[in-house]
Amino acid sequence: MGTWGPNSFENDTAADFVEELEGSSDLQGLLDSIEYEQDFEAPLAEQIIAAADCVAIMLDRPGPETQRATAKKIAKFGKPAPELVDAAKNGVSRVLMGGELLDLWAEAGASDFNAAITGLMERLNPEITYEPHELVDPAQLTLPCMFCDKPVNPENLLELAVHINSKAVSSTTQIRPCHLVCLNKALHPKHLIQYWEYTDEDIESLLARMDS
Ligand SMILES: [Zn+2]
């Protein structure tokens, strides 16, 4: 995966960083630890941008492509202290002084990254009017049914395993999602696939009846 977009949380480093965050002191700790003279590698720069964006979320100014779960988690840290807002601004400023991340974006074409950073700066400046961004939810993984090609709800995903045993080719098993109804429509009624769900109570009562 690595980097999948120009926004603050659209890379693995930022995603891991947010995952491990426990409170605003983690943000302050990272941002205060920056040394202006140090060699600035891309992951550190990505962490600093993510930390600064967390501060923007604490200001109730989340950016584009921010996942609802991230915004919810960070908002619980409360309103940021003025020192934290300052540290976030300084952190972004330090990232923009140069380093590996900027070189990588310059090579790849930096306009989207530059736009994302500009947006972050604006969101860290409460005097600039904030245009709300819609929070996003991770795309639901939907797979097409092998019979009708319409999506199968992941909640009740049924997978059909087709085992091909042939002398000509080595045997393979192919697993395909499908709707139970689509599968059964294709079968002789004598062979339709039965699927029954039992609750724990059902099983208990069944066992009790078997015992008696
Ligand atoms: Zn189907």
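Helices (H or I, at least four residues) and strands (E, at least two) are DSSP runs, numbered from the N terminus. Contact here means that two C-beta atoms, placed from the backbone, lie within 7 Å.

This is a predicted model, in which local features need pLDDT of at least 70 and side-chain atom pairs count only at pLDDT 80 or more, while totals for chains, interfaces and linings use all residues. Residues are numbered from 1 along each chain as its sequence is written. The pLDDT, the predictor's confidence in each residue from 0 to 100, averages 90 over the chain, and 98% of the residues score at least 70.

| Element | Mean pLDDT |
|---|---|
| strand β1 (residues 143-144), lowest | 83 |
| α3, highest | 97 |

An automatic or database domain assignment divides the chain into domain 1 (12-123) and domain 2 (143-211). The C-alpha centres of domain 1 and domain 2 are 46 Å apart.

Helix α5 (residues 82-95) consists of 14 residues and reaches 20 Å from its first C-alpha to its last, close to the expected 20 Å; the expected span is 1.5 Å times one less than the number of residues. Leu 84, Ala 87, Ala 88, Gly 91, Val 92 and Val 95 of α5 are buried. Seen down the axis of α5, the buried residues fall within an arc of 135 degrees, so they line one face of the helix; the arc is that of the directions from the helix axis to the C-beta atoms. Pro 82 and Glu 83, on the other side of α5, are exposed. A residue is buried if 20 or more other C-beta atoms lie within 10 Å of its own, exposed if 12 or fewer, and partly exposed in between, with C-beta atoms placed from the backbone.

Gly 91 lies in helix α5 and counts as buried because it has 24 C-beta neighbours inside 10 Å. Not counting residues up to four places away in sequence, Gly 91 touches Leu 31, Ile 34, Ile 48, Ala 51 and Ala 52. With the same exclusion, Ala 51 is in contact with Leu 27, Leu 30, Leu 31, Ala 88 and Gly 91.

A nonpolar core is a set of buried Ala, Val, Leu, Ile, Met, Phe, Trp, Tyr and Cys residues joined through C-beta atoms within 7 Å. The largest one has 33 residues, of which Ile 48, Ala 51, Ala 52, Val 55 and Ala 88 touch the most other members. Two or more residues of this core come from each of α1 (12-20), α2, α3, α5, α6 and α7, and α3 gives the most, with 12 residues.
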